[in-house]
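I opened the model to work through its chains one after the other, and I note below what I looked up and what I found.

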Amino acid sequence: MWRRNLFIIFLLYLSAGLQLGLFNNFFWLSQFNLFLVVLVFFVNLSSFSAALIFAFGSGLLLDIFSSLPFGTYLTTLGLTALVLEFLFFNFFTNRSFYSLLMLAVLAVVAYQVVFLAVAGVLYFAGWSDFFVHHNYWLPATGQLFITLMAVTLIFWFINRQSKSFKPTFLRP
Amino acid sequence: MPRFFKPTAGLAAVIIFLILFHYLGWLAPAESWLVKAIAPVSWSIHNFSGGVKSFRNFWLAQNSLLTENNNLQAQLVQCQTNQAQLNNLTAENDLLKRELNFVREKPWRYVSAKIITGVSDPLSQSVVINRGRHDGLIPGLAVIAASGVLVGKISEVGDAHSKVLLLTDNKSRVAATVQNFGQTVGLVEGQFGLSLSMTNIPQNQELREGDLVVTSGLEGQIPRNLIIAKIDSVNQVASEIFKTAILSPIVSFDNLSYVAVIIP
């Protein structure tokens with residue numbers, strides 16, 4: 001258990017460094033969410049509780065470094081993890097590449113829907129100054145493609161290193 | 001469904017308690033610790049990506065560098081002439097002030113800060129700096145780049161870190177004056193992270209391209225005469241009460257590493 005938790009902390013630290021220091025610096029990568037990509041893999045390869053802990057840790061870190069009211073990312077990533085787990089448990093259990101890609105697409109959609117809903121409610125309730133502007137949609141669309149590329153790359157890497165991603169329906 | 005109920009309820013409870021603790025201030029030490037823990041790696045990557053961007057911009061802009069160099073040399077000659085005149089006027093001004101026993105303006109106190117990272121959300125143009133409440137920072141203070149140009153205002157303060165809303169954010173508003181004959185006043189607003197504009201300029205005011213825009217000092221915590229930008233073009237519609245000027249920033253907001261916060 002402690003090894004798993006240490007691994008989660010290491011991934012959180014690495015993802016936070018890359019997300020905050022690198023991706024947020026470039027317009028086209030600004031909406032690419034590395035935490036979301038790692039979360040998709042947690043849902044696929046690990047337990048539900050590990051995915052929830054990772055989502056919770058990511059949300060906390062993103063909230064600390066965000067201009068949006070505290071709790072926006074905790075809620076967004078927490079709900080996204082629940083949606084992903086539900087979809088994985090009911091529809092994408094075979095761990096094939098295609099189901100992983102589909103899960104990643106749905107993760108981005110779920111994340112954006114929940115994020116915009118939470119940010120919108122906070123904005124219209126007067127608790128936040130920030131909401132979407134006309135520049136938002138271009139990188140938001142780009143996020144989908146960059147996420148799919150990142151998932152493909154990580155899938156390829158994990159697939160070479162371990163047997164975790166061999167489709168279950170092909171197993172003897 | 002029962003499989004999801006327990007973790008969901010647990011997660012919801014933890015989130016609610018964390019939000020509560022955050023707004024009560026009980027999480028502040030933990031948040032500061034987390035910022036300190038992540039700052040070194042985030043700062044290194046932030047600086048590296050800034051270098052990559054500068055390199056990319058250099059290659060994209062190299063065709064226009066020769067023309068820009070010629071223009072800058074001409075401007076330098078003009079600036080040297082202006083500087084000589086300014087030195088004379090400053091000396092004369094000091095002499096006159098001494099003769100009038102003029103009370104000197106209180107000098108500003110600076111707190112230098114390092115930009116740890118940008119913020120994590122895509123909805124605002126902000127950065128996080130490594131100075132906070134413990135260094136005497138409060139929301140609304142002016143943040144300047146090393147060259148003395150205003151780049152933003154403190155928007156949120158933690159114990160050992162603060163968030164700075166950059167001037168380019170579309171929620172940013174700064175009271176400003178144009179350094180022209182009429183000392184035109186207006187409001188400098190961000191343009192969705194891309195540029196700046198000055199609004200609320202009366203139609204009868206004369207503005208020229210290249211005029212400098214500085215802070216007006218009408219906001220209590222922001223001293224006057226801090227350089228903001230220069231006028232790029234003016235949009236004038238005769239039927240409207242006010243006109244708008246499009247401004248070009250003096251410093252690049254993309255490659256900021258160190259800033260200073262002015263404590264008046």
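In what order do the elements of chain A run from the N terminus on? I read them as α-α-α-α-α-α, and the count for chain A is 6 helices and 0 strands, where helices (H or I, at least four residues) and strands (E, at least two) are DSSP runs numbered from the N terminus.

Before going further I wrote down the ground rules. The model is predicted, so that local features need pLDDT of at least 70 and side-chain atom pairs count only at pLDDT 80 or more, while totals for chains, interfaces and linings use all residues. Residues are numbered from 1 along each chain as its sequence is written, and chains are lettered from A and ligands numbered from 1 in the order in which they are written.

**Chain A**

I took the extent of chain A along its principal axes, where its C-alpha atoms fill a box of roughly 60 × 35 × 30 Å.

I then looked at one helix pair, and found that the axes of H1(A) (residues 2–21) and H2(A) (residues 34–45) come within 9 Å and cross at roughly 150°; axes here are lines fitted to C-alpha atoms, for helices over the stretch in contact, and angles run from 0 to 180 degrees between N-to-C directions. That crossing makes H1(A) roughly antiparallel to H2(A), a label given to angles over 145 degrees, with under 35 counting as roughly parallel, 65 to 115 as roughly perpendicular and the rest as oblique. On the H1(A) side the contact is made by Leu11(A), Ser15(A), Leu18(A) and Gln19(A), and on the H2(A) side by Leu34(A), Phe35(A) and Val38(A), contact meaning that the C-beta atoms, placed from the backbone, lie within 7 Å. These residues divide into 5 nonpolar, 2 polar and no charged, with Ala, Val, Leu, Ile, Met, Phe, Trp, Tyr, Cys and Pro counted as nonpolar, Asp, Glu, Lys and Arg as charged, and the others, Gly among them, as polar.

Chain B is divided into domain 1 (2–38) and domain 2 (107–264), with bounds from an automatic or database domain assignment. Their centres, taken over C-alpha atoms, are 34 Å apart, and 5 residues of domain 1 are in contact with 4 residues of domain 2. The domain 1 side of that contact holds 2 nonpolar, 1 polar and 2 charged residues.

I followed the strands next, taking two as paired if DSSP finds at least two bridges between them. One closed barrel of 6 strands in chain B runs E1-E2-E5-E4-E3-E12 with antiparallel pairing, and its twist averages 45° from one strand to the next. Within this chain, E2(B) and E5(B) (residues 162–166) pair in the antiparallel sense over 4 bridges, and Ser126(B) stands opposite Leu165(B) in E5(B).

Another 6 strands of chain B close into a barrel in the order E6-E7-E8-E11-E10-E9, again antiparallel. I checked E6(B) (residues 173–178) against E9(B) (residues 212–215) and found them joined by 3 bridges, with Val213(B) in E9(B) as the bridge partner of Val178(B).

**Between the chains**

Note on methods:
Two residues are in contact if their C-beta atoms, placed from the backbone, lie within 7 Å.
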